[in-house]
Structures are given as structure tokens and as C-alpha cells.
Amino acid sequence: MAIDLGDKTVLKNYCGGRWVEPSSQDRVDVWDPATGDVIARTPLSNAHDLDRAVDAAEQAFELWSEEPPPRRARIMFALQRLLQDNLEELAELIVLENGKGIDEARGDVQRGLEVVEFAAGAPTLLMGSGLEQVSRGIDTDMYRYPLGVVAGITPFNFPAMIPLWMMPLAIVCGNTFILKPSQRTPLTAARLVELFEEAGLPAGVLNLVHGAGDTVDLVLDHPGIRAVSFVGSAAVARHIYARAAANGKRVQALAGAKNHMVLMPDADLDFAAEAIFSSAFSNGGQRCLAGSVGVAVGGAGDKLIERLAAIAESAKVGPGLEADSVVTPITTEAHRQRVKGWIDTGAKEGARVVVDGRNQGSDGGFWLGPTVLDGVRPEMSVAQEEIFGPVLVVQRSDGLDEAIKTINRSHYGNAAVIFTRDGGAARRFRRRVHAGMIGVNIPVPAPMAFFPFSGWKGSFYGDLHATGRDGIDFYTERKVITTRWPEPPS
Ligand code: NAD
């Protein structure tokens, strides 16, 4: 372990500017996925613990919502600097509890940091609009207002970036915030909260409540919480969307994915095979933008399989802190078993296991090597369901239109990628594919802070997406004011 955890392993909630012992005694283990060692225990907060955070957030809202946006933005500038100064420490913490590669972990922080930079533009982003003389002597203006107390519920796979999709934007808009991070990766969340505090955020503006599903249900039912941002798996996203909306809350729920990567016969095969491999297998395939279905068009399939098998042969399956590790461990043993189960299912459904990662990796830890399933047909469950592990399924397709139809039949719509040298094919793909994040000769069309993260279909429940201007719209209420003043005597 490169990082000294000190007393960080004793996890507390953060309410009203203080670290407080949760009243619940229930805990779940947090592991180092590379060794299988228990490194901390996450508290499973109860209703009393959540009430404490909501009370603190409600109190803080009184003053924070009155704070001028330029002053709120100044805290984002300070936070940006702190995140940069502590990037390496945060990245190591992410590797420790999530298992991903150190470079990917640095990217995890960097992508979140870019949201902080975007949020620092709050005075411009929060501007309203107006039209003088909508009728004779009458003017109309639109202003933005914060919602109140809002909550964020986040997954394990991007422990820094995803909380940072939410907290800076919600807070800079004048809301107060409660974070319920993944119980699998609570250490990074706690460190982020410390940095917000150090940046000068007043007590109660940001609060942290640890827990799992039961704590989330308390959040969804709490009358003091006005809106919920969620990122996680599809089944939980549907639950969050339905229950929070039924309780009158504004909801954005970013969900699971099954992302297709189309290989056209004219593509640069060496480049595309490397890109497809890295998209499918980096971070153990645990990325919502990971390509998980390869669609080889017009006879490109055999060559692709050959290249993927050769890359797999030399790809190191190893711990995230070793910079030459290509495939890093799965975050929990339970999930590793689920992913293994999917490989068995694929084989039973008739797929050929051309690269088999089921028995790869060192002793201890939650290891799986890369697995490639060939001869997969669109109706097989391994072609349709999210596996969220280092498993790539490969399908063959006669032409681009058939490949696009395959993609559009998926109930997910997070991302889709094409590898080609043909601009016309790329344009047709871009226009016709039903997915929100499109890549052209890009393995992972990564989220950018200043654009919305645009999942479609079963990859997103809600109206306003995370980040970009959608984020500002999500975290503000608009008010339209129509004014008439009598003309003064001339
Ligand atoms: P998850 O759905 O298991 O957990 C996400 C959050 O929901 C956690 O905070 C967890 O405590 C909580 N939760 C879990 N079960 C719950 C339940 N029954 N009721 C209420 N809350 C519950 O997801 P995960 O395993 O942490 O993350 C992986 C998933 O997230 C994948 O499906 C991945 O595609 C998805 N993801 C999506 C995006 C996106 O932008 N669309 C980004 C990252 C991850």
C-alpha cells in the first residue's frame, strides 16, 4: 500500500461542518481489490443520521442561497487548486479502494476537476434573460433560483469524477448538498469533502452520509430533499426515478450501458484493435462508457479476433499501482463471481470463448483476465445485458445499416463508436444511431464537463442530464417576472 490511511479508515458522516459518528452500528467491508484485504468499513446510516444531515443542509441554505454567485465561484477556484495539488493522493486512494489503474485514476480526478472549472463560471452560467417592452410599458425578466437541499447518490466505478459531476454545480447554484457515495468507495468521497471544506465552503453546505440501498430509500422519501441526482445500475436507476418522482422530487438518474463498437472493413485495423481492447478491458471493463460489443462489418471479424487475441496474450493483468498493468482487478469478489457467471452463460448460449480470462491474475484479490466471446448473435443475453466486467462480445454484420439496426435494438443507449476511414459512413452512423455519446475513431467518447452526459433510452431516466448547461438547469428553478411602472411625469 503506497498511501498511509492514518485514521481515514474509521469512517464518519459529515454534517454541519463536523465529522460525526453515525448512530447506526451497521457496517459493510471495503476491500483493496488487488489484495482482497479489508481496508475500511462503511457505516450504513439510518433515518436519524440522515435527518441530522438534512437539518444541517436546511439551516445552511438560508445563508448560502443569499451568497452572491461571484463569491460562490471563488470557492470553486480555491477547490480547483486544491484538487490539482492533491491529485496524486486522490488517485492513489481511488486505486486502493476501486482497483483501477493509476493513470485512469488520475483521469477520474481530472475529469471531475473540469466540472469544478466549469462551475467557476457561475456568474455567467446563472444569468437570466429579459425582454423590455413585451407589451407597452411592460418588461419581462427571467431569474434563476436554487432549489434547496439536494442529494447525490453515486456508484463505485468513478469515485471522484461522479460526485464531482454533482457537488460543484449544485453548490455553485446556491443549493446545499447531501452526498451518499458508494459503500464500496467511501474513502475518496470523504477526502473530497475535506477538500471542499478546505476551499472555504461554509458549514452545512456540503454533507456526507454513508450507506447503501436502505439509506438511499430514506433519501428518496425524505420531505426535506428537493432533488436527487443518481448514477448507477439500470434497475436501481428505475427504482430511484420512480420513487423520488412519486415523492415530488426532481430526478436525474444515469443508468447502465451496453456500448457497441463498429469496425468497418476500411478502418486502420491495428489502431482499431488496440482501441477496442483498451475500451473493453481497461478498469476491468467497469466503465459505463466501456465498449462491450464489437460489431465487425463485412468480413473484418476474423482479423479483429486474431488481433485481440494477440493483444490479450501480452496484456498484463495486475494491480492498478503498477503502471504497466493493462487489466486491473474487479472491485468486489461478489461482482467478479457475477462476471464469471456471464462468461459461462455466453458459452452455454453458443458463443466461442476465444480468450478466456476466468483463471487469470495473481493470488489474493479479485482477478479476471480479458475474455473475448466470438460468434455472438444479437438475441443472446450476453449481447443484450450489461456485464460490467472485462468481457467483450463480438458479433458479425453484413453492412453498416445492419450494424446500426443492431445497436438501435438495444434497450440501452449510452455510447456507440465507429472505426472507419469513410466520412460518409461516420456521418450516417452519427445521425442514425440511438445513443447519446458517439465516438468516431475514439475508443471511449468521454464525458466533457461543459457538455451534457447524454445517455438515451434505458441508460437515462429524467429530462435534464448531468453536467454542462443541463446541470445548471437541473439545479435551478426559473422565475419569470413581469413588471409595469407608471411613467414618471415628464
Ligand atoms: P449500483 O446501482 O449498485 O449502486 C449505485 C448507488 O446506488 C450506490 O450508492 C448504492 O449504494 C445505491 N444502491 C445500490 N442498490 C440500491 C438499491 N437497491 N436501492 C437504492 N439504492 C441502491 O451501481 P454500482 O454497481 O455502484 O455502479 C455500476 C453501475 O453504474 C453500472 O451499471 C454502470 O453502467 C453504471 N454507471 C453509469 C454511468 C452513467 O453515466 N450512465 C456512469 C457510471 C456508472
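The model is a predicted one, and in it the ligand sits in the largest pocket. A shell of 29 residues goes around the ligand, and the ones that come nearest are Thr154, Gln183, Ser233, Ala255 and Glu386.

With threonine 154, it is a polar backbone atom that lies 2.8 Å from a ligand oxygen. Alanine 255 also uses a polar atom of its backbone, this time 2.7 Å from a nitrogen atom of the ligand. Glutamate 386 brings in its side chain instead: a polar atom there is 2.6 Å from a ligand oxygen. As for how covered the ligand ends up, on its own it would expose 840 Å², and the protein buries 85% of that.

So much for single residues; next come the bigger pieces of the chain. Helices α6 (161-172), α8 (213-221) and α9 (234-246), along with strand β10 (227-231), each give the shell at least two residues. Zooming out again, domain 1 (2-255 + 459-479) and domain 2 (259-440) each contribute at least three residues to the shell around the ligand.

Conventions: Residues numbered from 1 in each chain as written. Predicted model: local features only at pLDDT ≥ 70, side-chain atom pairs only at ≥ 80, totals over all residues. Heavy atoms only, no water. Near = heavy atom within 4 Å. Polar contact = N/O pair within 3.5 Å; in protein donor to acceptor, adjacent residues only side chain to side chain. Areas by Shrake-Rupley, 256 points an atom, 1.4 Å probe, with all protein chains shown as cover. 1 Å grid on protein atoms, 1.4 Å probe; cavity = no way out; pocket = protein on both sides within 12 Å on 5 of 7 lines; lining within 4 Å. Sits in = over half its atoms within 2 Å of the grid points. Helix = DSSP H or I, 4+ residues; strand = E, 2+ residues; numbered from the N terminus. Domains from an automatic or database assignment.
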